[in-house]
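Visitor: Could you walk me through the backbone and the aromatic rings of this model?
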Amino acid sequence: MAAAIDRIVPLAACEHGRVTIHGRGFDPGGGEIELGGHSVRPRSISASRIAFTVPAGCEGGSLPLHVPGVTGEPPTLEIGSVIARGLHQVDSPAIDAAGRLYVTYSGSRGEQVPVSIFRISPDGTRESFVSGLVNATALAFGPDGALYVSSRFEGIVYRVDDAGHFEPAVSDVGVACGLAFGPDGTMFVGDRSGTVFRVLPNGQATLMATLPPSVAAFHLTMGPDRCLYVTAPTLTSRDAVYRVHLDGRVDVAWRGFGRPQGLAFDPDGVLHVVEALSGASGLYRLVEGCEPELVISGEGLVGVAFDGRSQVVLTSNDCAWRVTRPVTPPTVSSAG
């Protein structure tokens, strides 16, 4: 029987991401596969399944995937292009209307770092944008077009102008991890000790909802359904993605993640969440009535942002990648 590939899961990956080729007729002793000119030794191989890890140094883009014994036009795998290294990202990055990317060097608690936020232009030019802000954590653009950033050390959310100057916008919001804006411009801030704050027009923070405290950070995003979605990784092996209604009610949107981190809605209004659990790390698409679907794999991911077009930016603690989004139909199941 001739070897054949049925499907590849996922269809996109960053370096060190895990990929599985499903098919038939593979030779368990067939040796290495080839990805964009790089020889890759599989982690495991059987007649119907080949698992491998994307090596560091692969050029980003659509790379052909050659499997021994499989003839014809090779399938392609989308590989993330490195945008920046030497970061310390603890939440999702942010992208402005001009397509410029904002990433952080957050530092350890209370650490003064030379540059708090970097700005990266669409052509890859990187510049120092904000200095002197301690523990820059969550990033989000407000209704006024300004960048807002939280300091988990100071419990303050700052407003940053286009020249990189910052001033306090909200104070006394705890260990401020997680930042989002509602459709009416209302600011929401997550305090990883267990509180989601709603900020009134006068700048006063009021209690909106209470969630289990997190061992890492709260991550927030506003959905098209006008609900706030929150991840708060704990020590349990079945963490949840929470849905917080504007009246403060909280329910579980999805459960079963090992260490959910950054989350964002794509331009089609579909929620995606980063799973940071070792061995399952990657970006998952969440559709009601469907199993969470791994769409991009990568090791140690923490944050995600969509550019409003066909690409997504993923970050680990120290690196950022740009990936062309693969399009695959969701797998229907009874889970939700």
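Predicted model: local features only at pLDDT ≥ 70, side-chain atom pairs only at ≥ 80, totals over all residues.

Visitor: Is Asn 135 buried or exposed?
Guide: Asn 135 lies in the loop between strand 14 (126-130) and strand 15 (136-141). Its phi is positive, about 55 degrees, although Asn 135 is not a glycine. Buried means under 20% relative accessible area. Asn 135 has 0% relative accessibility, so it counts as buried.

Visitor: What is the relative accessible area of Arg 226?
Guide: Arg 226 is found in the loop between strand 23 (219-222) and strand 24 (228-231). Its phi is also positive, near 65 degrees. Arg 226 is partly exposed, with a relative accessible area of 44%.

Visitor: How many residues apart in sequence are the parts that the pair of Tyr 102 and Phe 129 ties together?
Guide: There are six aromatic pairs. Tyr 102 and Phe 129 form an edge-to-face pair, 5.3 Å centre to centre with 70 degrees between the planes. Tyr 102 lies in strand 12 (residues 101-104) and Phe 129 in strand 14, so the parts tied together are apart in sequence by 27 residues.

Visitor: Which residues form one aromatic cluster with Tyr 102?
Guide: Tyr 102 is buried at 2% relative accessibility, and Phe 129 is buried at 9%. The cluster consists of Tyr 102 together with Phe 129 and Phe 141.

Technical notes: Residues numbered from 1 in each chain as written. Heavy atoms only, no water. Helix = DSSP H or I, 4+ residues; strand = E, 2+ residues; numbered from the N terminus. Buried < 20%, exposed > 50% of the residue type's maximum accessible area, 1.4 Å probe, protein only. Phe/Tyr/Trp six-rings, centres within 6.5 Å; stacked < 30°, edge-to-face > 60°.
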